[in-house]
Amino acid sequence: MPKPWYSIKAAAEGTDVDEISILEDIHPWFGCNAQTFLREFRALEADTVRVYINSPGGSVIEALAIFNGMRATGKKIEAHVLGIAASAASYIAMAADKIVMPANTFMFLHNPEAPAHGNADELREVADTLDKMAVSLTATYAK
C-alpha cells in the first residue's frame, strides 16, 4: 500500500483548527491526487485549517485543483512551510490567507514545464499552452 503524501489531523478538542501536512510529491500516479485530498479536506469541520508543507512539488494540474478546491470551501487557510514549498507545492501555498515561513525555509517558483515530443506544430502548441499557464499562475502569485 503506498504511503499517503499528506495527512489530516483534527487539532485538540476545544479549538477550531484542523491540520494537514503535505510532505511528498504532488502527483496522481504516486499515491496522491487532488480528488482524494479534497474529499478529506472538505470533510474537516474546523473553520481554520493549517497546511504544513515540505514538498518538492509535482503536477501543476493537481496543484491547480487543490488550490481551487481549498479556496472554494471558504475556510481560513494558513500555510506553514516546514522546509520547502517548491514548484506546484508553492502554488498550493498561495491558497492560504496567511503564509508562515521561518527564515530557514524556501519557496521555489519556476515557469511551467512539460515533457514534449512530436512534430513542429505539436511542439508549438505545447509551448503556447505553457505560455497560457504561466500567465495564469503568475497572476495568482502576484495577487
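**Close-up views of the predicted model**

The chain has 4 helices and 6 strands, and the model shown in each of the views below is a predicted one.

View 1. Followed along the sequence, the elements come in the pattern β-β-α-β-α-β-α-β-β-α. Of the 143 residues in the chain, 38% are buried. Among the contacts in the chain with a separation of 6 or more, 67% are accounted for by residues 24 or more positions apart.

**View 2. The largest nonpolar core and the elements that supply it.** This core has 27 residues, and those with the most contacts inside it are I26, F37, F41, I53, I66, M70 and I92. At least two residues of the core are supplied by each of strand 2 (17-22), helix 1 (34-43), strand 3 (48-55), helix 2 (60-72), strand 4 (76-86) and helix 3 (88-93), with helix 3 giving the most, 5 residues. In soluble globular proteins, nonpolar side chains tend to be buried together.

View 3. Leaving aside residues up to four places away in sequence, F67 touches Y91, M94, A95 and T140.

**View 4. A72, an exposed residue of helix 2.** A72 is also found in helix 2, but its relative accessible area is 65%, and because exposed means over 50%, A72 is classed as exposed. The C-alpha atoms of A72 and R42 are separated by 9.5 Å, although these residues are 30 residues apart along the chain.

**View 5. Helix 4 and what covers its buried residues.** Helix 4 (120-142) has 23 residues and reaches 33 Å from its first C-alpha to its last, which is close to the 33 Å expected at 1.5 Å a residue. Its buried residues are L130, M133, A134, L137 and T140. An α-helix has 3.6 residues a turn, so residues three or four places apart point the same way. What covers the buried residues of helix 4 includes helix 2 and helix 3.

**View 6. The largest pocket and its lining.** About 540 Å³ of space lies in this pocket, and 26 residues line it, those closest to its centre being G58, V60, S87, P112 and E113. Helix 2, helix 3 and helix 4 each supply at least two residues of the lining, and the largest share, 6 residues, comes from helix 4. By residue class, the lining divides into 16 nonpolar, 8 polar and 2 charged.

View 7. S87, one of the lining residues closest to the centre of the largest pocket, lies in the loop between strand 4 and helix 3. Most residues other than glycine have a negative phi. S87, however, has a positive phi of about 55° although it is not a glycine. With a relative accessible area of 17%, S87 is classed as buried, because the limit for that class is under 20%.

Conventions: Residues are numbered from 1 along each chain as its sequence is written. This is a predicted model: local features need pLDDT of at least 70, side-chain atom pairs count only at pLDDT 80 or more; totals for chains, interfaces and linings use all residues. Side-chain values use heavy atoms; hydrogens and water are left out. A nonpolar core is a set of buried Ala, Val, Leu, Ile, Met, Phe, Trp, Tyr and Cys residues joined through side-chain atoms within 4.5 Å. Buried means under 20% relative accessible area, exposed over 50%, partly exposed in between (1.4 Å probe, protein chains only). On a 1 Å grid over the protein atoms alone, a cavity is a set of points where a 1.4 Å probe fits but cannot get out, and a pocket is an open set with protein on both sides within 12 Å along at least five of seven lines; lining residues have an atom within 4 Å of a point. Grid points are joined across faces, edges and corners, and a volume is the space filled by probe spheres set on the points. Ala, Val, Leu, Ile, Met, Phe, Trp, Tyr, Cys and Pro count as nonpolar, Asp, Glu, Lys and Arg as charged, and the others, Gly among them, as polar. The expected span of a helix is 1.5 Å times one less than its number of residues. Contact means heavy atoms within 4.5 Å.
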